[in-house]
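Here are my notes on this model, point by point. Have the coordinates open while you read.

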Amino acid sequence: EDITLHEPSILHQRKQPSTAKFEYESCAASSERFTEELAERCANDPSLDVTFFYNTRVKGASTSCLNSPSDNGQKRSVTQLQTNRGVIDLPMDAQVLVAAGAWTPHVMSL
């Protein structure tokens with residue numbers, strides 16, 4: 001069966017899924033509570049190198065391919081974030097947290 005009949009949003013993903021599993025009785029945790037707790041812990045731990053950009057909405061991201069023989073060049077790194085407050089350049093070793101709740105897999109596949 002064509003999974004796009006049930007979930008048309010995947011038509012716009014760069015990499016199309018090969019399988020799908022629909023669960024109509026699943027439950028989910030509160031992504032809002034998780035991200036609030038994570039932010040609080042990061043803000044209160046001076047040993048962590050975390051930068052917060054408040055009142056900033058990400059509109060897009062630029063990535064580059066990391067050349068590594070072990071991953072066949074398939075691993076990508078976020079190099080810039082386009083936001084409502086301008087472009088944020090990221091260092092090559094930066095780690096970006098995507099906390100979009102149930103939307104995270106969809107956002108990451110774009």
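1. Which strand does Gly86 lie in? Gly86 belongs to strand E3, residues 86–89 (helices, H or I, of at least four residues and strands, E, of at least two are DSSP runs, numbered from the N terminus). With 29% relative accessibility, Gly86 is partly exposed; buried means under 20% relative accessible area, exposed over 50%, and partly exposed in between, using a 1.4 Å probe and protein chains only. Val58 sits 28 residues from Gly86 in sequence, with 9.5 Å between the two C-alpha atoms.

2. Some ground rules before going on. This is a predicted model, where local features need pLDDT of at least 70 and side-chain atom pairs count only at pLDDT 80 or more, while totals for chains, interfaces and linings use all residues. Numbering runs from 1 along each chain as its sequence is written, and side-chain values use heavy atoms, with hydrogens and water left out.

3. On to charges: searching the whole structure turns up one salt bridge (a side-chain nitrogen of Lys or Arg within 4 Å of a carboxyl oxygen of Asp or Glu). The partners are Arg41 and Glu37, whose closest N and O atoms are 2.7 Å apart. Both residues are in helix H1 (residues 31–44), four residues apart, or about one turn of the helix. Arg41 is exposed, because its relative accessibility is 56%, whereas Glu37 is partly exposed at 35%.

4. Now the largest pocket, at about 1,900 Å³. Its lining has 41 residues, and Leu81, Gln95, Val96, Leu97 and Val98 are the closest to its centre. For the method, a pocket is an open set of points on a 1 Å grid over the protein atoms alone, where a 1.4 Å probe fits, with protein on both sides within 12 Å along at least five of seven lines; lining residues have an atom within 4 Å of a point. Points are joined across faces, edges and corners, and the volume is the space filled by probe spheres set on them.

5. What supplies that lining? H1, E1, strand E2 (76–83) and helix H2 (104–109) each give at least two residues to the lining of the largest pocket. By type, the lining splits into 24 nonpolar, eleven polar and six charged residues (Ala, Val, Leu, Ile, Met, Phe, Trp, Tyr, Cys and Pro count as nonpolar, Asp, Glu, Lys and Arg as charged, and the others, Gly among them, as polar).

6. Last, Val98, which is in the loop between E3 and H2. Val98 is partly exposed, because its relative accessible area is 30%. Met108 is ten residues from Val98 along the chain, and their C-alpha atoms are 8.0 Å apart.
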